Amino acid sequence: MPNRLARSTSPYLQQHADNPVDWWEWGEEAFAEARRRDVPVLLSVGYAACHWCHVMAHESFEDEEVARAVDAGFVAVKVDREERPDVDAAYMTATTALTGHGGWPMTCLLTPEGEPFWAGTYLPREQLLQLLAGADHAWREDRDRLREGGARIVEAIRSAPRPGAGAPLTHEDLAAAARDLAADFDPQWGGFGGAPKFPPSMVLAFLLRHHARTGDERALLMVRETCEAMARSGTYDQLAGGFARYAVDRAWVVPHFEKMLYDNALLLGVYADLARVDEVARPWATRVVRETVGWLLDELWTPQAAFASSLDADTEGVEGQTYVWTPGELRLALGDEDGERAAALLGVTHAGTFEHGASTLQLREDPDDAAWWRGARERLLLRRTLRAQPARDDKVVTAWNGLVIASLAHAGWVLGEPDWVDVAARCARFVVDRHVVDGRLRRSSRDGVVGSALGVAEDYGNLVDGLLALHRATGEAGWLEEAGSLLTTALDLFGEEDGGVAATGHDAERLVIPPAASGDNAEPGGLSSLALAVLRYGAQASDAARLERAAEALGHAAPLARQAPRFAGWALVAAEELAAGPLVVRLSPADDPGEDELARAARHTPVPALVVVDDPGTPPQDGRRSATVCRGTVCGLPLTEPELLSRVTAGP
């Protein structure tokens, strides 16, 4: 008989709806039940595409003995970290404080008041049973000690000094961040640090902007080499497009196979900008953009005209089963001669690069016969569609759809693909119409049904940024007005007196451990996403007060940006755009709705931080369309010559 999770709008929670464990969703009812029974809470946090979450589910939560142990001594609460990032962030703080590391599934034991007295990640079945037995005994025999321990953990976290605003990031700070990144750069395989290796999308976006403003060739080289290494690796789907979550090795050969919307949205923006600014990278960067857009539309587009969250790492319980190949499978799909040729091209060996003699597909060099490869790729992809496919988490997350709206609109503008801009507009219309309930943005929906979780800071910041990208791509004032309205609400909800940004709204549930809005991790954090949205709105709307507010917020990101730039990439993007002006080209209205030479020159200017907007307030000159270049609130004289516009905006 399904448990309470069957009513959830989260596919991850519904994966556990038939468990014998008597799961509760996060909420006051679950904690009231724990107080009524006077038992601890077992908190399990994960997400639908997570491989080890599936492993723990199959080993433990589908097991009758484990279920009896859980239900006898605990109230079990299951949380989708993607629906409740605030809950996840709060208890991940405790987990990392207690263990020195984090990850999912996250497993915590809490008092009925929500204070954690034990925390960890994945546990094999036997270890989980030992933990449950020990905790049940300790709670019955020595609960005061456990309660005191939980209270001390919470007090230590609450009393830990939180960084306040630092001095504004200077040009030298931004140069120092680029140098620090260069010191951590992998010159052989691209990326930063060792294994596991994550696509550093936000850091790459910063380096592109830093190169454009300063002429730092090393910054551009790091972006080019990292993007090419990823695009030719097993982390990129060489048949269907799209990037996996991360690689388990330095060379990007073997990915953790889940594909996340936020990764692909951010990387789409990076590759589009790289294609715009770098002639060397343009051919393969453009290919990656087109393939990734195709994958997004084929695999993550939903009937509601929005984008689903992810594809699973596993297929029928086996990680990567859909994606890997043996030489024999290639020959079966393509014939002996073409199969051997494809194996050589794609790095598929008899020993295998993955498990059980199978290999991921890599494209370390371009094929010598592009037409042959197009045909072989189509045949392999068709063959792959006959395999079992990974499950899809089809909930629509506001923040991640904001990211993909921004990247699709921008890529469509850069590459002259108006259909992509139209898709972004349809998605934005759905999110704005359906996810704003009584004036308050919600976090997610599924099948058009909106969840109860309130939007957090990055939901507002990323969605506003997407609407601003649509304004730039279409010239439609309505998108700017919509963005301004949401931004005003966001600053009321999340703005703090010292100019900082709270992770959750002033109207949100008060958690035992307050989540923080500082740093960027796999996706932009609340502070940086709102700061960038405020900055870009200020630039596009010529609103000096908003530019000042963005600078205030960035002051709170400055200490982390100086200390650990890898974890402040989006804040550094905003800081670079602020350092550049921000740089805005305002085009006077065009008589002909088709593209003209002046607009084309602006689009092809190799400056990723450049904002180009159609501005009814910019007058034509002598009957000709004009462009006014503004840096911050200071604007130059109107220009009518495309060549002169290119020289003025092209950077050093």
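Trainee: Is Arg209 buried or exposed, and what is its relative accessible area?

Mentor: This is a predicted model, in which local features need pLDDT of at least 70 and side-chain atom pairs count only at pLDDT 80 or more, while totals for chains, interfaces and linings use all residues. Residues are numbered from 1 along each chain as its sequence is written, and side-chain values use heavy atoms, with hydrogens and water left out. A residue is called buried under 20% relative accessible area, exposed over 50%, and partly exposed in between, using a 1.4 Å probe and protein chains only. Arg209 is therefore buried, with a relative accessible area of 8%.

Trainee: Which side chain does Arg209 meet in a salt bridge?

Mentor: A salt bridge here is a side-chain nitrogen of Lys or Arg within 4 Å of a carboxyl oxygen of Asp or Glu. The partner of Arg209 lies at 2.9 Å, N to O, and is Glu577.

Trainee: How many residues apart are Glu577 and Arg209, and in which helices do they lie?

Mentor: Helices are DSSP runs of H or I with at least four residues, and strands are runs of E with at least two, numbered from the N terminus. Glu577 belongs to helix α21 (residues 569-579) and Arg209 to helix α8 (residues 201-214), so the pair links distant parts of the chain, 368 residues apart.

Trainee: Why are Arg276 and Asp273 separated by about one helical turn?

Mentor: An α-helix has 3.6 residues a turn, so residues three or four places apart point the same way. Arg276 and Asp273 form a salt bridge, with their closest N and O atoms 4.0 Å apart, and both are buried. They are separated by about one turn because they are three residues apart in helix α10 (residues 261-277).

Trainee: Which residues are linked with Arg209 in a network of salt bridges?

Mentor: One further pair is Arg536 and Asp465, whose side chains meet at 2.9 Å, N to O, and both of these residues are buried. Linked with Arg209 in the network are Asp273, Arg276, Asp465, Arg536 and Glu577.
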